Amino acid sequence: MEKDTIEVVVAGPEHEKYVDTILDTIAEAAKVRGTGIAKRTHEYLATKMMEAKAVIALSKSDGRFAGFSYIETWGNKKYVTTSGLIVHPDFRGLGLAKRIKDMTFTLARTRWPHAKIFSLTSGAAVMKMNTELGYKPVTFAELTDDETFWRGCEGCINVDVLHRTGRKYCICTGMLFDPEEHLPAKIPEDVLARIRHLEEIEAE
């Protein structure tokens, strides 16, 4: 399968039908890796789609789910996370994870250009993509102190490590992108148009 047969777009309300498949794919991937994951509900991911805070990848030929990620704001929108990056096993090896990561990163910089973007990950591939985008490894103290964010880690099998260390570190590595250290983002017109469209739907 060629990578140009897969479409990567900002998700909207019409994509809620894929949420259960997304959750199952994330859970299976965590089980295979033997790593922890913050559990999310159907309603949570559906809301991300309705708020134009998610990116989805679909096969152009038959509409099959191929990949997903979402973003969230914390600490009065001073911080943004890109989370839940997943590629369905049928579509791996096509560079799709990077396409999704690049899109969520662009989406975050478009909507909150002055926010610091951070990531907690235990995956080498995600660390590599983050580094290429300009993220730097940081201590957890440099991330948001928003308690709502940290409560999201309670569903992870490694949360006991986070508790034992007083939230100073865990299995995941903290990585941070500071927009003040980079030039303004170049935002593709199709991404801007999609965001405007979804914001109009939400306002109705």
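## Model and conventions

Helices (H or I, at least four residues) and strands (E, at least two) are DSSP runs, numbered from the N terminus. This is a predicted model: local features need pLDDT of at least 70, side-chain atom pairs count only at pLDDT 80 or more, and totals for chains, interfaces and linings use all residues. Residues are numbered from 1 along each chain as its sequence is written, and side-chain values use heavy atoms, with hydrogens and water left out.

Glu-199 sits in helix H7, which spans residues 189-203. Its relative accessible area is 36%, so Glu-199 is partly exposed. (Buried means under 20% relative accessible area, exposed over 50%, partly exposed in between, with a 1.4 Å probe and protein chains only.) How far apart are Glu-199 and Gly-12 in sequence and in space? Along the sequence they are 187 residues apart; C-alpha to C-alpha they are 9.9 Å apart.

## Aromatic pairs

Ten aromatic pairs occur in the structure. Rings of Phe, Tyr and Trp (its six-membered ring) pair if their centres lie within 6.5 Å; planes under 30 degrees apart count as stacked, over 60 as edge-to-face and the rest as tilted. One of the pairs joins Phe-105 and Tyr-135. This pair is tilted, with 5.9 Å centre to centre and 45° between the planes. Phe-105 belongs to helix H3 (residues 96-111), while Tyr-135 is in the loop between helix H4 (124-133) and strand S6 (136-138), so the pair ties together parts 30 residues apart in sequence. Phe-105 is buried, at 8% relative accessible area. Tyr-135 is buried too, at 3%.

Tyr-135 also pairs with Phe-177. That pair is tilted: 6.2 Å centre to centre, 55° between the planes. It links distant parts of the chain, 42 residues apart: Tyr-135 in the loop between H4 and S6, and Phe-177 in strand S7 (residues 173-177). Phe-177 is buried, at 1% relative accessibility. Elsewhere, one aromatic cluster is formed by Trp-74, Tyr-79, Phe-118, Phe-140, Phe-149 and Trp-150.

## How H3 and H4 cross

The axes of H3 and H4 come within 11 Å and cross at roughly 45°. Axes here are lines fitted to C-alpha atoms, for helices over the stretch in contact, and angles run from 0 to 180 degrees between N-to-C directions. H3 and H4 are therefore oblique to each other. (Angles under 35 degrees count as roughly parallel, over 145 as roughly antiparallel, 65 to 115 as roughly perpendicular and the rest as oblique.)

Is the crossing of H3 and H4 left-handed or right-handed? The crossing is right-handed. A crossing is left-handed if the near helix is turned anticlockwise from the far one by less than a right angle, and right-handed if clockwise.

## Charges over Tyr-44

Which residues lie over the face of Tyr-44? Arg-40 does, at 4.9 Å from the ring centre. Lys-48 does as well, at 4.9 Å from the ring centre. A charge sits over a ring if NZ of Lys or CZ of Arg is within 6 Å of the ring centre and within 35 degrees of the ring normal.

Ala-46 is in helix H2 (residues 42-50). Ala-46 is buried, with a relative accessible area of 5%. Its C-alpha atom is separated by 12 Å from that of Phe-68, 22 residues apart along the chain.

## Cysteines

How many disulfides does the whole structure hold? A search finds zero. A disulfide is a covalent bond between the sulfur atoms of two cysteines; here the cut-off is a pair of cysteine sulfur atoms within 2.5 Å. For Cys-172, the closest cysteine sulfur is in Cys-170, at 6.2 Å, too far for a bond. Cys-172 is partly exposed, at 28% relative accessibility.

## Loops and positive phi

Most residues other than glycine have a negative phi. Asn-76 has a positive phi, near 60°. It lies in the loop between strand S3 (65-74) and strand S4 (79-87). Asn-76 is exposed, at 74% relative accessible area. Phi of Arg-167 is positive as well, near 65°. Arg-167 is in the loop between helix H6 (159-164) and S7, and is partly exposed at 27% relative accessible area.

Lys-186 is in the loop between S7 and H7. Lys-186 is exposed, at 82% relative accessibility.
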